[in-house]
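Good morning, and thank you for coming.

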Amino acid sequence: MELHADSDRPDETLQRLILPCRLLGEALAQDDQFLSLEETCAPGAGSADYDFRLPQFALDAAGTSGLPSSLGFTQQGLLPEIQRLWRSFDSKIVLWKYDDPGVQEVTEYTGVSEAVVAAAIAHPKEFVQSIDYFLVLATTLEISLHALRFAPGSNRLLPPVRTQFSVASDDISMNAV
């Protein structure tokens with residue numbers, strides 16, 4: 001905004017700037033109500049930053065203490081969409097509820113033949129009926145979809161079912177899907 005000595009006095013210019021300054025201040029105040037990129041990406045914001053030594057993540061708490069002691073390849077992570085922790089033991093994947101340490105709901109699944117290197121959840125499209133979620137499993141050879149359903153009226157996970165959908169990973173090492 002230009003200040004002309006003959007037409008604008010400083011107090012008039014100041015009066016015209018009050019409203020834009022107030023609007024700018026309100027916008028900055030609203031922006032402060034949301035997480036910043038630094039806060040979103042800070043340690044503790046992702047599943048890789050959870051402390052898996054907590055009781056709800058312990059193998060014994062999940063009822064899987066009978067697993068072999070000489071495990072080959074293992075990975076783990078969180079599936080917050082279904083409130084489950086996953087841990088792979090070669091080609092076996094174990095899912096259990098992490099939100100309630102007192103509930104020992106464990107689902108073991110061996111629907112793949114290679115070591116599971118990553119797992120994720122995908123929402124089915126609207127035209128897919130009777131499936132609540134897809135479990136996406138990446139192995140050393142393929143990425144495959146497995147149907148997940150919950151028992152009617154509860155959040156108890158039924159055994160996963162392998163679908164016909166898979167794609168070869170073409171010898172590309174996956175660490176996330």
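Predicted model: local features only at pLDDT ≥ 70, side-chain atom pairs only at ≥ 80, totals over all residues.

Residues are numbered from 1 along each chain as its sequence is written, and side-chain values use heavy atoms, with hydrogens and water left out.

The protein chain contains two helices and eight strands, where helices (H or I, at least four residues) and strands (E, at least two) are DSSP runs numbered from the N terminus. Along the sequence the pattern reads α-α-β-β-β-β-β-β-β-β.

Of the 177 residues, 31% are buried, that is, under 20% relative accessible area with a 1.4 Å probe, protein chains only. The accessible surface of the chain is about 11,700 Å², and 54% of that surface belongs to carbon and sulfur atoms; the areas come from the Shrake-Rupley method with a 1.4 Å probe.

Let me turn to the sheet. Four strands form an open, antiparallel sheet in the order β1-β2-β3-β4; two strands pair if DSSP finds at least two bridges between them. At the edges stand β1 (74–79) and β4 (106–109), each with a single partner strand, so one side of each has no neighbour in the sheet.

Finally, how many bridges join β2 and β3? Strand β2 (residues 84–89) and strand β3 (residues 92–97) pair in the antiparallel sense over six bridges. S88 stands opposite I93 in β3.

Notes
Buried < 20%, exposed > 50% of the residue type's maximum accessible area, 1.4 Å probe, protein only.
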